[in-house]
Amino acid sequence: MSPTGIAVAVLQVILTIAVAPLLVGMMRVIRARLEGRVGAPIRQPWRDLRKLLRKQRMVSQNTGVVFSIAPLVLLASAALVAGIVPFLSTTSALDQVGDLFAIVYLLLLGTVFLSLAGLDAGTAFGGMGSSREMTIAAIAEPTLLVAIFALSVSTGSSNLGAIVADTLANPSKAASPASMLAFSALAVVTIAETGRIPVDNPSTHLELTMIHEAMILEYSGPDLALVELAAHLRLVVFLGLLANLFFPWGIATTAQPLHLLAAAGAVTVKLIVLAAVIAAAEVFIAKVRLFRVPELLAASFVLAFLAVTVSFFLV
Amino acid sequence: MSTTRFVQLLDLAAGLVLVTSFAALWLRRLVTVTWVIALQGVALAAVALVIGAYEHETELVLIALMVGVLRGVVLPGLILRAVRAGDEHREVESLINVPAALLAASGLTLVAYATTRDVVALSSTPQVRALPLGIAVMLIGMLLIVTRRKAVLQIMGVLMLDNGIALVMFLGTSGVPLAVELGIASDVLLAMFILQVLTTRIRTKFGGTDLDQLRELRD
Amino acid sequence: MLKLLRKIVRIGRVTETVPLGAGPRPSLLLGAADPLRGSVQIRQVDAGSCNGCEAEFAAAFGPVYDVERFGVRLVASPRHADALVVTGPVTRNMAVPLLTTFEATPGPKLVIALGDCARDCGVFAGGHGVAGSVADFLPVDLEIPGCPPTPDDIVVALRRVAGR
Amino acid sequence: MVGAALAVAAVAAAAAMIAGAVLPARSRVVWVGVCTALCATAGGAAATAVLTGSSTFQANFPNLFPLGGVRIEFDALSAIFSLATAIVAVPAAIYGIGYSAHGPSSRTVQIAWPLLVWSVMMVPAAGSVTGLIAFWELMALSSLVLVLAEHHHNVEARSAAQWYAAMTHLSLLAIVLALVVLAHQAGGDSFTAVRAGAGDLSPATASVVFLLSLVGFGAKAGVVPLHVWLPRAHPEAPSHVSAMMSGAMVALGVYGLVRVGWDLLGGGPTWWGAVVLAIGLASAMFGILHALLSSDLKRLLAYSTTENMGLVFIGVGAAGMFAPSGNRSLASVALAASMLLVINHAAFKGLLFLGAGSILSATGTRDLDRLGGLARRMPVTAATFAIGSLAIAALPPLNGFVSEWLLLQSLVHSLPSNAAVVAVAMPVAVAVVALTGGLAAATFVKAFGTTFLAMPRSVEAGQAHESPRTMQVGLVALSGVCVALALAPTALTSPLRRVSAAVGGLADGAPIRTNGVYLQLSGIQAGLSPLLLATGLAVLMIAVLAVVRRGRLHRTVRDIPAWGCGRTVQTARMEYTATSFAEPLQRVFDDVLHPEIDIDVDHHVESRHYVQAIRYRMKIRDGFEHRLYLPLLAVARRWGDGARRIQNGSIHRYLAYSLITLITVLVVSR
């Protein structure tokens, strides 16, 4: 755990937190443009967050400690993951602290706390959101872990640094069927876990169709800011994982400032491309019924499963 | 074509054949399923094309083109007509639900891999190593036939089964003539099936395939 | 899907390019250190409206008027909101829920009365189920006259709130 | 040292039993609790000594029974299970003081409780067939008595005890058969002799012995399909007994299986491991699905025990599959994962059962749909139950995650392998472990959320009070163990190495390496540092709090009604219940579970368009019980009815039977 490694990790956390709202703002702009609108400027989510931080905090009766600490845990877990995932450099100090499994379970920790917070106020919609969120989280879990399985079979390690380094060393791996299957599986899970269409609609106002929004109906002011920032951050973390696990080019293998700068540029470009694809695709598809979501996730599970089979038998 | 490139392209095309068969289980709209089946035919043709190009077999390239036309365009086209001639229920009706079917199919894939291990171990050319994919596609085709209610879907299952057999033949044998004979024969058989379904559907809808009445249809 | 794509390409942007009202305006509502500058989240409350105002209000958020470009957004819970847009005369059944909604909104907060009915009960004044205008129940910060107000009016008013 | 500690344990257990027999009710409970805790502490000390030292403790009592003696052999494998027992028994005994004061304080219960603790502690220590069977039976009988503790006012307890008695004796029968065959072949009763003689067994005999022990020990571990007693018996026992049974006693099933299968028999072909793995997969899925849908808190925990034992079996089975194909370092990782899970499970399941006991004694109900809002009324119980829930859901940075991580690592790195069955089984195993993990998270969000958060759903829950000090001590101690195991699993590396060295047929070498902070696995390039993860989370939370400083600009508004979309009053009836929380997942797994759902709609008297009330009832039958056991029982009953005809009370007929018997004996022994 070298000082430069820690510096890289801290840098990653700060940069991803700074970039996350902008990326969401960009996705909203793309969506608006495709719908024929102008849309709010890209920095709008930051403005929203700044305003929320200056607003009053409300804590309703019947709620307890869980309601208060859930936003902290949610944001802290997402930020810790942002420090572990090699966004800028493979030399992050946190690489040996946790591997892909640790990342999956850390993100699940955030989900669990938010779900508990949804139950804490005792409102019907909060409970509904929690129940649905846990349903989706539970059935997305096999896909995630089996996809990780596929990735780690060919590398022989589930550590992110090792996987990224391995793909850098053998560029042809990125085009192998196993890698592509695992990518599609993880892409579906990303959409489910970050609450995008077709699983959840982040801009819905109808409580009955909500998943994520229903859990946070009770949060206001700074708490809401934390929850929203965490949601943005989780999106970036998932997209960043997708980007750097499968297309790691441009990532720094040292901790030199110049290399880090170049890596920051590369990862930004990759994030923008992925986010743009998702935002554009959302215009074309409708949200599926909640009870069709398991079908979607079953399909992604099958993709991950095939990735394991193929990675073992074909290569 | 270098060997690594060949392996990659072959795996890619053969993998696509398998993935499309999963997609056919997953999707619900009959028309989309038909498109997927067509895609599978094209992928199958690509497999033959890649092998033909790598081994410099002009015959195989020709067969690939034929397969592409037949399975990618003609047969799906016929099926599409049969689908459009059907009633309004254009959603897939299945005996088991979609996640269960998908899980069953992944189980079948594992079975395919496990059972062909010895064959694969015998000779480890890239073609033979991709052989289990063909078996898996055959099995999934069977699954489709078993679990689906509609005749059209069962036809698609037969087509998928046939695609699997063809894939196994392309990968497992270098004897081209056998592949041609079997392939063409089964295609003709399939076309007959589809026409049968088509006529039955028209009959149930319009009370018969009487030519006079059919002419009314055109007007 | 192709059809939709073609439509997107053909139609392009439909938002009115000429800014409605004249230029950006300073926020008139919460002074210079306005915490809501540039970002206003709105919870809409129908206190008994005929839905005319709702239709116009929805149009303000549609592609043509697109008030969202000024940082105004609709939200699902008053806990997330900065401003309540109340439409219609306050009916007896909606009086308590309206007050509950106001109490559930974290400060600093604004109340916007949308339409003539919200201002002075409009044509429903003195009606059997009508309990009063919005101002009878809540401190109204901004009124948008009209029956119903046009989307133009709504956009101009919301820009004043957002200060952009 | 080890001998002295074991002797202290025995003396303390005896003292506890005497105290239970002679003292008056009030002081009885206290002294039994203290002596039992002492007994468990001494056992734990012995286990720690063996796990940190390198010696195996042995002792002989040749003339203890008329026909044979008892031999004590305390090696690392024994010690890890005794340690698990101590981890749950010490806090449970202290907890029992407060719990029994107003509950099960009768003489029988107070005698049986120390006996149970001592026998569970000593089963792994037995070094001979006779000893194992003797302690096993002591354990079975004392736990049976304890299950019946509350049978006066609880009809369920009687039926539970019947199931338990039947299953436990079936289990004993299979175990005795297996061990007797072994001892007969070896010509000796001690494990040393059996181990030496096992080499001469034919593969077929070895497999039969293995399968018999799998049935016998599997029934104790509560794995599918032998689990039926578990969700009945564990909820009915007093809670500290449930903690002991779920946390420590069921794990002895795993102990027995590993001891017989991979130590005494010295391991076997790959399919042994595959069978254990398959049973583990089925149990994990089955257990967690039923736990998820259960709305009885203790039943939920009992089903989750089946799930966790399933996970332990997955680890053991995977190890059993890796070892024959030569991948012994991976096998030791898998075994280490299982053993760590046994320890962790003792800690968090013990904690959760004790928590459930506090809830039960505070509210009188364990129906999740009638609980709620307990967090502000029982803060200590809530905090400790939260730690237990997070741990059992395998969430970092708590201890459950470490064992889950080890298990996943051992499964994931099995490929590429040259055994087809490994290649096929491992992706399935990873998927099942993952799904189990996700569902466990959902289950314990439900359990914690509906019990402790929001508003009470019944009057009893609204009037609950925090439990007495002694019970709180038990809860806090166990949650402390959970946290310690979470932050410093590295302390267990050398004990786990000794365990894997002790199981000759399965593993060798050091499964886990450590430098005090990081965990690293042998032969696998993977690292984890639970301590640094926890530190990272804590630092980031503090950083966020420092940057944001909630309530800086405006005072936080508290005690306002929750936002309920404008409705005027909020009552507990509007809350999501445990049943409704699990409903989406119940729908997803409809085809597996086949729930029976009744919906009764009462219409208004005046118009049928108005609904007066809707009742929703959902019942999930245990598929194995329904399809396997009930038909079997029906057959058995028919045989019983037939047999009754033979016995009709007529003395003449009995005399005739005697005559026939005599003639038969004469003819046969001619």
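Q: Which residues does A:A266 touch, not counting residues up to four places away in sequence?
A: A:A266 touches A:W249, A:G250 and A:I251. The model is a predicted one.

Q: How far apart are A:A266 and A:G250 in sequence and in space?
A: Between A:A266 and A:G250 there are 16 residues in sequence and 5.4 Å in space, taken from C-alpha to C-alpha. A:A266 itself has its place in helix α10 of chain A, residues 257–284.

Q: Why is A:A266 called buried?
A: The cut-off for a buried residue is 20 or more other C-beta atoms within 10 Å. A:A266 has 20 C-beta neighbours inside 10 Å, so A:A266 counts as buried.

Q: What share of the residues in chain A is buried?
A: Of the 315 residues in chain A, 71% are buried.

Q: What makes up the secondary structure of chain A?
A: Chain A has eleven helices and one strand. Along the sequence, the pattern reads α-α-β-α-α-α-α-α-α-α-α-α.

Q: Why does the radius of gyration of chain A agree with that of a compact globule?
A: A compact globule with 315 residues would have a radius of gyration near 20 Å. Chain A has 19 Å, and therefore the two agree. The C-alpha trace of chain A spans about 55 × 45 × 45 Å along its principal axes.

Q: How many of the contacts in chain A with a separation of 6 or more, in percent, are between residues 24 or more positions apart?
A: Such residues account for 80% of these contacts.

Q: What is the mean pLDDT of chain A, and which of its elements have the lowest and the highest mean?
A: The mean pLDDT of chain A is 90, and 99% of its residues reach 70 or more.

Q: What makes up the side of chain A that touches chain C?
A: In chain A, 26 residues are in contact with 24 residues of chain C. Helices α2 (44–53) and α9 (221–246) of chain A each supply at least two residues of this side. The largest share, four residues, comes from α2(A). By class, this side of chain A has eight nonpolar, seven polar and eleven charged residues.

Q: Which chains have the most contacts between them, among the five pairs of chains that touch?
A: Chains A and D have the most contacts among these five pairs.

Q: How far apart are the nearest C-alpha atoms of chain B and chain C?
A: They are 13 Å apart, and chain B and chain C do not touch.

Q: What makes chain D as compact as a globular protein of that length?
A: Chain D has 25 helices and eight strands. The globule rule gives 26 Å for 670 residues, and the radius of gyration of chain D is 26 Å, so chain D is as compact as a globular protein of that length. Taken along the principal axes, the C-alpha atoms of chain D fill a box of roughly 95 × 70 × 60 Å. Of the 670 residues in chain D, 58% are buried.

Q: Why is D:L293 called buried?
A: D:L293 has 23 other C-beta atoms within 10 Å, and the cut-off is 20 or more, so D:L293 is buried. D:L293 lies in helix α12 of chain D, residues 270–293. Leaving aside neighbours within four places in sequence, D:L293 is in contact with D:A582, D:Q586, D:L593 and D:I620.

Q: In what order do the three strands of the open sheet in chain D stand?
A: The order is β3-β4-β5, and the pairing is antiparallel.

Q: Why are β3 and β5 of chain D said to stand at the edges?
A: β3 (512–514) and β5 (524–528) of chain D each have a single partner strand, so one side of each is left without a neighbour in the sheet. On average, neighbouring strands of this sheet are turned by 25° against each other, direction ignored.

Q: How do you know that β3(D) and β4 of chain D pair?
A: Two strands pair if there are at least two bridges between them. Three bridges join β3(D) to β4 (residues 519–521) of chain D, so the two strands pair. D:I512 stands opposite D:L521 in β4(D).

Definitions and conventions: Residues are numbered from 1 along each chain as its sequence is written. Chains are lettered from A and ligands numbered from 1 in the order in which they are written. This is a predicted model: local features need pLDDT of at least 70, side-chain atom pairs count only at pLDDT 80 or more; totals for chains, interfaces and linings use all residues. The radius of gyration is taken over C-alpha atoms; the globule rule is 2.2 Å times the number of residues to the power 0.38. A residue is buried if 20 or more other C-beta atoms lie within 10 Å of its own, exposed if 12 or fewer, and partly exposed in between; C-beta atoms are placed from the backbone. Two residues are in contact if their C-beta atoms, placed from the backbone, lie within 7 Å. Ala, Val, Leu, Ile, Met, Phe, Trp, Tyr, Cys and Pro count as nonpolar, Asp, Glu, Lys and Arg as charged, and the others, Gly among them, as polar. Axes are lines fitted to C-alpha atoms, for helices over the stretch in contact, and angles run from 0 to 180 degrees between N-to-C directions. pLDDT is the predictor's confidence in each residue, from 0 to 100.
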